[in-house]
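Work through the exercises below with the sequence and the model at hand. Each task is followed by a solution in steps.

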Amino acid sequence: MAVRVVNGATILRCCAVSPSLATVRCCVQLSRTGPFYSSTRCSISRQLCCRVISFGFGSVATRRYSAQSLVDVVLEELESLRKRGKVRASNKLELKGSEELLEKRLERRVLQKGLLLEFQKDAERVLLAVAQKADGKKNWIVADQNGVMASIKPQQITFIVPGINNFDHTEIANFLQKAHENLDPALLEFAWMELLEKNKSCTVEELAEMIYGSAEPLESYSAHLLLSKDDIYFTTLETKGSHSVYGPRPAVQVEELMRRKLVKEAAERELEEFVELLKSAKNTPLHSKPPRSMWKCEEKNRRKIECLEAYAIDEYMNEDERKTAGMILKAMGLSKTAPAAVSLLIDIGYFPVHVNLELLKLSIRTDYPEEILTAAERLLFESPDLDEVDRRDMTGMKVYAIDVDEADELDDALSATKLQDGRIKVWIHVADPTSLVLPGSNIDKEAMKRGTSVFLPTATYPMFPEKLAMEGMSLKQGEHCRAITVSVVLHSDGSIAEYSVENTIIKPTYMLTYESATELLNLNLEEESELGLLSDAAAIRFQWRQKQGAIDTSTLETRIKVSNPDDPEPSIKLYVENQADPAMRIVSEMMILCGEVIATLGSSNNIVLPYRGQPQSNIDVTAFTHLPEGPVRSSAMVRIMRAAEIDFRKPIRHGVLGLPGYVQFTSPIRRYMDLLAHYQVKAFLRGDSPPFSAGQLEGIGSMVNINMKVAKRLSSSSLRYWIIEYLRRQPKGKKFSALILRFIKDRVASIFLVEVGIYASLWVSVGMHIGDEVKVQVEAAHPRDDVLTLKEVPDI
């Protein structure tokens with residue numbers, strides 16, 4: 001038994017014998033009105049009485065059935081037919097009839113006045129029209145269904161309605177309405193089965209006769225519409241002009257097309273449902289937006305939201321992801337662009353207003369795998385100190401740790417004293433993470449993949465798991481902390497007289513911010529004389545380095561802290577710090593001194609280390625003395641400097657620092673290259689072979705430097721974003737001071753905004769020079785687009 005659905009009713013046929021289409025006849029009266037050319041003998045109503053004829057079983061029965069899914073029953077019939085071998089799976093239809101018969105069936109009608117025709121108006125529109133008169137040799141003037149006259153080419157004509165010779169174009173709308181009322185895809189499926197069983201083809205008129213019982217104009221056009229909209233049952237076998245012969249597709253092909261249609265329709269329904277969710281979330285008040293997790297609860301929604309997210313950051317994995325995102329944006333009435341996707345994700349609450357797109361694009365590691373966190377937790381309680389016996393107890397020494405107030409990872413501190421001969425001795429205490437982490441361990445490998453801690457205005461993503469870095473590795477006030485201490489006795493001119501490197505235990509006395517350290521220095525308290533000695537040591541070191549060719553590039557540096565970055569209007573705290581500040585000078589000079597000592601140690605003992613150098617040492621500083629000190633002079637000198645280099649076998653001169661050799665060593669919790677230096681030095685202090693050869697260090701260094709560049713790029717772009725956001729919020733008309741650094745072209749200058757520490761460009765008035773100060777106002781500030789437009793204003 002096979003099942004067919006026609007216009008919502010079910011027709012059951014016994015397929016033991018293949019009866020003709022006429023065997024199963026549905027007889028329902030249908031009245032028509034209007035001046036249409038139709039003599040319909042058989043039509044379909046909403047309720048059908050269908051005869052079920054059983055051949056070979058001697059019984060006849062009549063039953064009424066409710067509607068079923070057309071797709072389901074077609075697939076059932078196909079499967080049934082295939083099992084019984086009634087339908088071949090051939091892709092080629094064997095057309096019965098001679099070539100002459102085919103030619104006759106495709107007989108071309110001559111275009112003449114009064115014919116009703118269908119033509120392609122544009123890529124998306126097909127219209128009905130009545131031919132009015134010839135327009136040149138080939139074109140015709142037609143009056144379409146809207147009464148609009150147009151000249152069309154023969155190639156545009158898609159169908160000429162047969163049986164009409166003098167149609168009135170004012171009746172086109174009614175004709176179209178009646179034709180659309182006749183459309184029922186089930187009729188096409190019914191005819192397909194009949195033609196497939198008989199291995200026959202058909203023209204539009206023949207199909208109209210088969211399914212409507214008439215080939216009159218209305219029925220023929222209705223049949224044409226069914227065929228033109230069909231992409232399942234029939235294929236065009238041959239075409240001449242606007243007339244074609246159609247053949248039924250093989251059952252296997254129809255089944256596959258039906259399956260694809262099912263999948264497509266299901267996908268379209270999913271898309272519609274998802275778009276409704278987006279619209280609902282978009283219209284929801286800000287405080288009531290659905291949580292980000294809601295979009296990932298169901299797999300079908302998760303895939304779509306991830307496609308949008310990938311599209312927003314231009315990181316889609318394949319063409320399907322791109323198409324899916326494009327369809328969603330189109331359905332939402334948005335342009336198919338990354339900014340549109342970003343705006344949509346912000347509007348629905350999936351992205352915060354100030355989402356860091358660079359963070360997403362660069363795939364920065366912000367979380368740790370569970371196994372790493374577990375290993376870090378275990379280290380805090382189980383890891384023995386391999387250097388415990390050799391550690392020198394320095395807990396009685398006054399120790400200053402100076403850093404920014406938000407610093408979480410404190411990895412260096414300072415001490416100083418004056419020797420009897422008047423020379424200054426300083427100690428640079430560096431946190432010792434290698435007392436917990438061994439080379440090649442899982443935690444070490446994870447740190448190597450990251451390469452550095454990432455510091456953003458909105459968050460810090462540490463190189464080591466946070467609890468391990470903050471509790472196990474960082475220096476903490478008033479607590480015993482493991483360290484590697486570099487002690488240096490300075491000559492009066494600032495050069496190194498003697499040095500040592502050893503494992504120590506220290507007990508930091510003060511945790512100072514740069515501001516509080518500077519205040520203490522200005523107070524010049526006798527009980528804090530050690531801080532004064534550190535300042536003196538920094539001063540003579542700076543002078544000594546300058547004599548060795550060092551270049552002072554200290555300038556103003558901006559630091560921003562954003563407290564609640566996920567809020568639409570987060571709190572922004574902006575600090576502009578002068579790197580020439582006394583406390584900052586102490587820290588920078590002591591860190592440079594430590595790097596020189598480690599390079600000297602490595603050079604004297606043939607230790608493989610990441611020696612950093614800057615080959616350019618012949619910059620004529622006097623050529624820049626005409627420029628004001630600070631940002632203007634520093635900017636000019638930095639522009640002609642070459643990039644730093646690394647040698648893993650021997651020290652190389654660092655021209656900018658004025659040192660014969662230099663190794664970064666003071667931030668092993670924050671920078672993996674510093675940690676590598678610690679591994680190598682610690683092995684030397686124990687008398688062991690270094691864990692890494694020069695070749696190994698070079699390979700690791702290449703990967704780490706790539707990650708460090710990515711992190712630096714992210715930090716710079718994030719800082720700039722929040723500075724522009726800060727400026728956007730300032731009162732309209734507020735004036736800012738800016739320094740002219742250089743001229744880019746004509747009167748377009750590169751400037752530096754002193755109060756906020758950002759570089760920009762500005763059209764300046766005639767007569768301005770490099771180093772001059774100008775007053776500016778913000779005309780436009782759009783952080784998402786990295787747009788900052790300024791204008792010069794009078795200083796009144």
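A salt bridge is a side-chain nitrogen of Lys or Arg within 4 Å of a carboxyl oxygen of Asp or Glu. The model is predicted, so local features need pLDDT of at least 70 and side-chain atom pairs pLDDT 80 or more, while totals for chains, interfaces and linings use all residues. Residues are numbered from 1 along each chain as its sequence is written, and side-chain values use heavy atoms, with hydrogens and water left out.

**Exercise 1.** Find the salt-bridge partner of arginine 391 and state whether the two residues are buried or exposed.

Step 1. The partner of arginine 391 is aspartate 385, with 2.6 Å between the closest N and O atoms.
Step 2. Arginine 391 and aspartate 385 are both buried (buried is under 20% relative accessible area, exposed over 50%, partly exposed in between; 1.4 Å probe, protein chains only).

**Exercise 2.** Locate the salt bridge of lysine 682 with aspartate 387 in the chain.

Step 1. The closest N and O atoms of lysine 682 and aspartate 387 are 2.9 Å apart.
Step 2. Lysine 682 belongs to helix H19 (residues 672–686) and aspartate 387 to the loop between helix H12 (370–382) and strand S13 (392–393), so the bridge ties together parts 295 residues apart in sequence. Helices (H or I, at least four residues) and strands (E, at least two) are DSSP runs, numbered from the N terminus.
Step 3. Shared partners join Asp385, Asp387, Arg391, Asp432, Arg482, Lys682, Arg686 and Asp688 into one network of salt bridges.

**Exercise 3.** Describe the salt bridge between glutamate 299 and arginine 303.

Step 1. The N to O distance is 3.8 Å.
Step 2. Both residues lie in helix H8 (residues 299–312), 4 residues apart, about one turn of the helix.
Step 3. Glutamate 299 has 42% relative accessibility and therefore counts as partly exposed; arginine 303, at 39%, also counts as partly exposed.

**Exercise 4.** Determine how helices H4 and H5 pack.

Step 1. The angle between H4 (residues 185–198) and H5 (residues 204–212) is about 105°, and their axes are 10 Å apart. Axes are lines fitted to C-alpha atoms, for helices over the stretch in contact, and angles run from 0 to 180 degrees between N-to-C directions.
Step 2. H4 and H5 are therefore roughly perpendicular (65 to 115 degrees; under 35 is roughly parallel, over 145 roughly antiparallel, the rest oblique).
Step 3. The contact (heavy atoms within 4.5 Å) involves Leu187, Leu188, Ala191 and Leu195 of H4 with Leu207, Met210, Ile211 and Tyr212 of H5.
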